[in-house]
Amino acid sequence: MSGGTDPNHAAEMASDSDPGRAAVAWAYQRFEPRAYLRNNYSPPRGDLSSPDGVGPWKLRCMAQTFATGEVSGQALIDIGSGPTIYQLLSACAYFEDITMTDFLEVNRQELGLWLREEPGAFDWSVYSQHACLIEGKGESWQEKERQLRARVKRVLPIDVHQPQPLGPSSLAPLPADALVSAFCLEAVSPDLASFQRALQHITTLLRPGGHLLLIGALEESWYLAGEARLSVVPVSEEEVREALVLAGYEVRDLRTYIMPAHLRTGVDDVKGVFFAWAQKTGVQE
């Protein structure tokens, strides 16, 4: 896949843009997937044994939304997957064709390790087990992971700051029936206007009447991923709601999780997490 880790490539990706976006692209060249996974998906944040933890909360939001039966179809695109797969554990039962995406080649490589079950891949089994527990369908975590691996058909580069985020000739089936995105838009946008535009760009990939499930950080301004210290645009729940309405969505659900003191571990300054379920207005032609 194309070299998302080459600094020249990063500068080139942002060459038609403002200095803020160029700085974001440059900063991400130092992003270390393993450090990010360790900071956020290993204990204490990765401890799923306590129901009031952030991990169980995110998995519950997803499982409960899919359990309504309203979010289903053929094609789903995960926007800015990063090196994580947990955000698709409930989704994979409802969509046969899943596209994962990320700007960075190192993240796409990390996803590939897990999808191909290669040695050294990050172990998501605790998350898979917990998703099965929440859903209560009697499915084993091995079956859950097997289904997800089978339904992820491709891992593609993406740039949410481009009007065509997947490029002019995308390999993903478009428009998608649903989008998922976790901790992407606010983490790659230098300001609120850029966040709003990125949301509008990804919305072009979704059919009218289709659903967006969005998870993100509330009031966060930075986070660490190894040597990289990444800037984040701090957003409030109301700013998220306004951005969704502006992008042409009906907000079906918007929930907030307040990060407890014991999970504020010094790897970021996040105050909370939001979950939004939004439906794109309009009728499919």
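Student: How much space lies in the second largest cavity?

Tutor: This is a predicted model, in which local features need pLDDT of at least 70 and side-chain atom pairs count only at pLDDT 80 or more, while totals for chains, interfaces and linings use all residues. Residues are numbered from 1 along each chain as its sequence is written, and side-chain values use heavy atoms, with hydrogens and water left out.

About 210 Å³ of space lies in the second largest cavity, where a cavity is a set of points on a 1 Å grid over the protein atoms alone at which a 1.4 Å probe fits but cannot get out, and the volume is the space filled by probe spheres set on those points. The second largest cavity has a lining of 16 residues, and Y36, N40, R45, F183 and D268 are the ones that lie nearest its centre; a lining residue has an atom within 4 Å of a point. Two or more residues of this lining come from each of helix 3 and helix 4 (54-67), helices being DSSP runs of H or I with at least four residues, numbered from the N terminus. Helix 3 gives the most, with three residues. By class, the lining of the second largest cavity divides into 10 nonpolar residues, one polar and five charged, where Asp, Glu, Lys and Arg count as charged, Ala, Val, Leu, Ile, Met, Phe, Trp, Tyr, Cys and Pro as nonpolar, and the others, Gly among them, as polar.

For comparison, the largest cavity holds about 410 Å³ of space, and its lining has 20 nonpolar, seven polar and three charged residues. Helix 3 (33-41) supplies at least two residues to that lining as well, as does helix 2.

Methods: 1 Å grid on protein atoms, 1.4 Å probe; cavity = no way out; pocket = protein on both sides within 12 Å on 5 of 7 lines; lining within 4 Å.
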